[in-house]
Amino acid sequence: MFTYVLRRLVSTIAVMAMVGIFVFLLLRLAPGDPAAMIAGRSATEEMIAGIREQLGLNDPLPVQFIHWVRDMLGGDFGTSIFAGRPVLELISQRLEPTLSLSILTMILAVTVGVSFGILAAWRTGGFVDRLLTAFSAFSYSVPVFVIGYFLIYFLAIRVHVLPVQGYVPIQSGVGPWFGHLILPTLTLGLGFIAFIARVTRASMLEVLSEDYMRTAAAKGASSYSMLFHHALKNAGVPILTVIGISFAYLIGGVVLTETVFNIPGIGRLVVDAINNRDYPIIQSVLILTSGLYVLINLIVDLAYTLIDPRIRY
């Protein structure tokens, strides 16, 4: 186990190094002068030269990369070109809305998706199974922003039971905080519910067809015991895998939902940074998101042994 963890840590460092090189070259080797794009069309040569000096673009590429990595390892992710404030400070201010939306979405998706998948596998071909098939086709084919505007129209504008847009910090009260996140959570969670439910159903069907499950049924095991004590544990590895992948994707994929519901999260920060060509923010968010994705995958791999003791690294 120790050897496996050590190998994964080494591979994680290698992956992050490649991601860092890619993100670094994304700005430096893009067509055109980054300083000129940031300064705008009406900028003078002096303004462009000042931006180049501020970004360190006059140094050789290897020197720029070393300075960039050194600053990040020291907690300095640079300064926003347009806001004039440290990038890490801007990201930390936008972190709560994104994490709140992501965590609530995953709680909804895992709870409903796993339960839905278990019922569909247990009564395969029945009403729940057919409903899951129809729901999956709907959630996969309809874009997220269409679902968002549909829920806004019916639940916020027509019925007036939920707020239309915006975000309330949790410090202002759990009720208002939760109320403003219901619609975006439903919007973002529908696709993940269908995804997790389909994987759960397929994995459970495979386990339920095993000989030891028929033996357990012949010995008089209850349905609850067969589903949760036997089948779910043995089907847990692919389910845990898809949950981990979904959560990692969710952290970096809430841009559209935050835009639709006017949530001031990291997604909105990235959109504003792209519109303003604020490359320090874009680079920092890419690095942090990639690091979180790799970390989640590592945690999922290590959690396999807790679900299935037969796995040995």
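The model is predicted, so local features are taken at pLDDT of at least 70 and side-chain atom pairs at pLDDT 80 or more, while totals for chains, interfaces and linings use all residues. Residues are numbered from 1 along each chain as its sequence is written, and side-chain values use heavy atoms, with hydrogens and water left out.

Let's begin with the record. An unreviewed UniProt entry lists residues 9-27, 99-122, 134-157, 177-197, 235-261 and 281-307 under "transmembrane region". Its positions are given in the numbering used here, with feature names shortened, and such annotations may be inferred rather than shown by experiment. How do two of these spans look in the model? Residues 99-122 are 100% helix and 0% strand, with end C-alpha atoms 34 Å apart. Residues 177-197 are likewise 100% helix and 0% strand, and there the end C-alpha atoms are 28 Å apart. Helices (H or I, at least four residues) and strands (E, at least two) are DSSP runs, numbered from the N terminus.

Now look at helix H8, which covers residues 174-208. What is the distance between the end C-alpha atoms of H8? For its 35 residues it is only 41 Å, short of the 51 Å that a straight helix would reach at 1.5 Å a residue; the expected span is 1.5 Å times one less than the number of residues. H8 also has a kink of about 40 degrees, centred on Gly189. Here the bend at a residue is the angle between axes fitted to the seven residues ending there and the seven starting there.

Side chains of opposite charge can pair when their charged atoms come close. With a salt bridge taken as a side-chain nitrogen of Lys or Arg within 4 Å of a carboxyl oxygen of Asp or Glu, the count comes to three. In one of them, Asp129 pairs with Arg201, the closest N and O atoms being 2.6 Å apart. This pair links distant parts of the chain, with Asp129 in helix H6 (residues 127-141) and Arg201 in helix H8, 72 residues apart. Are these two residues buried or exposed? Both Asp129 and Arg201 are buried, where buried means under 20% relative accessible area, exposed over 50%, and partly exposed in between (1.4 Å probe, protein chains only).

Arg85 forms a salt bridge with Glu89, with 2.8 Å between the closest N and O atoms. Arg85 is partly exposed at 30%, and Glu89 is partly exposed at 34%. Arg70 pairs with Asp71 at 3.5 Å, and Asp71 counts as partly exposed at 29%.

Tyr149 lies in H7 and is partly exposed at 47%.

Finally, visit Asn262, in the loop between helix H12 (255-260) and helix H13 (266-276). Most residues other than glycine have a negative phi. Asn262 has a positive phi of about 55 degrees although it is not a glycine.
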